[in-house]
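Take a walk through this model with the sequence at hand.

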Amino acid sequence: LLGTIGLESLSSLAIYFTMGQCCCSPCKRFLPSSMIEFSGTAAAEAIMNEESLLENNIPQVHSINPEMSAPSIRVATNLGNEVKGYGLALTDVSVEQESCYWEWRVRTGGNPTVTVMVGVSNRRNSKFYEILASSSVPPEQHGTKFMCTASDLKDGDVIGIVVQQSELPMIQLYVNGEIEDGLQVTRFRGTVYPSIYLPQKGSNNDVSATFLYREEQYVHGPPGPQFHPLIAERSLM
């Protein structure tokens with residue numbers, strides 16, 4: 001058996017057998033004790049939680065995802081976290097944590113005030129926007145079911161989004177650090193991504209928003225220590 005199974009395969013078997021899946025299997029006796037010890041370490045690393053990721057200061061780099069956003073949306077900076085244009089924009093990181101927090105800083109583009117929608121949205125693609133473009137559905141209802149409308153925003157206003165998946169409401173909005181009663185989403189379903197809907201306002205559509213997802217970027221920060229910055233799904237694995 002050992003002559004026909006490579007080291008990589010043995011490592012995979014070791015991880016599988018020592019994670020409680022098949023600890024009494026006779027196959028386990030073919031694994032060297034050193035490999036079993038190694039697999040225990042690998043298993044522990046595989047289930048590293050979000051708190052340890054934050055403590056170890058593993059950098060997170062997220063951005064607006066043009067492929068999931070409306071064709072009228074454009075990414076405005078090299079960092080990829082500022083969005084301009086109009087329509088629905090989604091980021092490239094899904095919401096996987098029990099509780100998390102992020103912010104959007106809104107620029108009105110010369111308008112006295114603007115109205116935007118923020119929250120989360122399910123994965124989108126170009127076909128989604130093609131179908132809706134030829135439908136009678138109003139543009140602001142394109143994928144915004146799990147989003148709230150923030151009105152009368154002034155230049156530089158900051159919207160904070162709090163997500164807690166085990167409690168209701170699942171999403172609560174804050175504006176400039178203050179909770180906004182009524183701006184909440186009771187629940188959402190499926191895999192979702194932080195999202196924002198920018199209005200078509202003015203001839204140049206200069207309304208923009210910046211996605212702030214790391215603690216050092218926050219303008220106001222979360223309402224409690226249990227709300228962590230977003231962590232990419234691959235980092236949670």
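E130 and K127 sit 3 residues apart in helix α4 (residues 126-133), so about one helical turn separates them. Keep in mind that this is a predicted model. Side chains of opposite charge can pair when their charged atoms come close. E130 and K127 do form a salt bridge, and their closest N and O atoms are 3.9 Å apart. That falls inside the cut-off, because a salt bridge needs a side-chain nitrogen of Lys or Arg within 4 Å of a carboxyl oxygen of Asp or Glu. E130 is partly exposed, with a relative accessible area of 49%. Another charge deserves a look here. R124 lies over the face of F128, 4.5 Å from the ring centre.

How many salt bridges does a search of the whole structure find? The search finds 3. One of them joins the side chains of D155 and R107, at 2.8 Å from N to O. This pair links distant parts of the chain. D155 is partly exposed, at 41% relative accessible area. R107 is partly exposed too, at 38%. R214 and E216 form another salt bridge, with the closest N and O atoms 2.7 Å apart. Here R214 is partly exposed, with a relative accessible area of 25%. E216 counts as exposed, because its relative accessibility is 61% and exposed means over 50%.

Y174 stands opposite I179 in β10.

Strand β12 (residues 208-212) holds S208. Is S208 buried or exposed? S208 is buried, with a relative accessible area of 4%. Leave aside the neighbours within four places in sequence, and S208 is in contact with E82, V83, K84, R105, V106, R107 and L198. R107 is the residue that meets D155 in a salt bridge.

Next come the rings. A search of the whole structure finds 5 aromatic pairs. Y101 and Y218 form one that is edge-to-face, with 5.1 Å centre to centre and 90° between the planes. Y101 lies in strand β5 and Y218 in the loop between β12 and α5 (233-236), so the pair ties together parts that are 117 residues apart in sequence. Y101 is buried, at 2% relative accessible area. Y218 is buried as well, at 13%. The rings of F146 and F188 make a tilted pair, because their centres are 6.5 Å apart and their planes are at 55°. This pair also links distant parts of the chain. F146 is in the loop between α4 and β7, F188 is in the loop between β10 and β11 (192-198), and the two are 42 residues apart. F146 counts as buried, at 9% relative accessibility. F188 counts as buried, at 8%. Elsewhere, ring pairs link W104, F211 and Y213 into a cluster.

Finish with the backbone. Where is the cis peptide bond that involves P169? The bond joins L168 and P169, and omega is about -5°. P169 lies in the loop between β8 (158-164) and β9 (171-175). Two positive phi values follow. D152 is a residue other than glycine, yet its phi is near 55°. D152 is found in strand β7 (residues 147-153) and counts as exposed, at 55% relative accessibility. N176 is not a glycine either, and its positive phi is about 55°. N176 is found in the loop between β9 and β10 (178-185). N176 counts as partly exposed, at 31% relative accessibility.

Methods:
Residues numbered from 1 in each chain as written. Predicted model: local features only at pLDDT ≥ 70, side-chain atom pairs only at ≥ 80, totals over all residues. Heavy atoms only, no water. Helix = DSSP H or I, 4+ residues; strand = E, 2+ residues; numbered from the N terminus. Buried < 20%, exposed > 50% of the residue type's maximum accessible area, 1.4 Å probe, protein only. Contact = heavy atoms within 4.5 Å. Pairing = 2+ DSSP bridges. Phe/Tyr/Trp six-rings, centres within 6.5 Å; stacked < 30°, edge-to-face > 60°. Lys NZ or Arg CZ within 6 Å of the ring centre and 35° of its normal.
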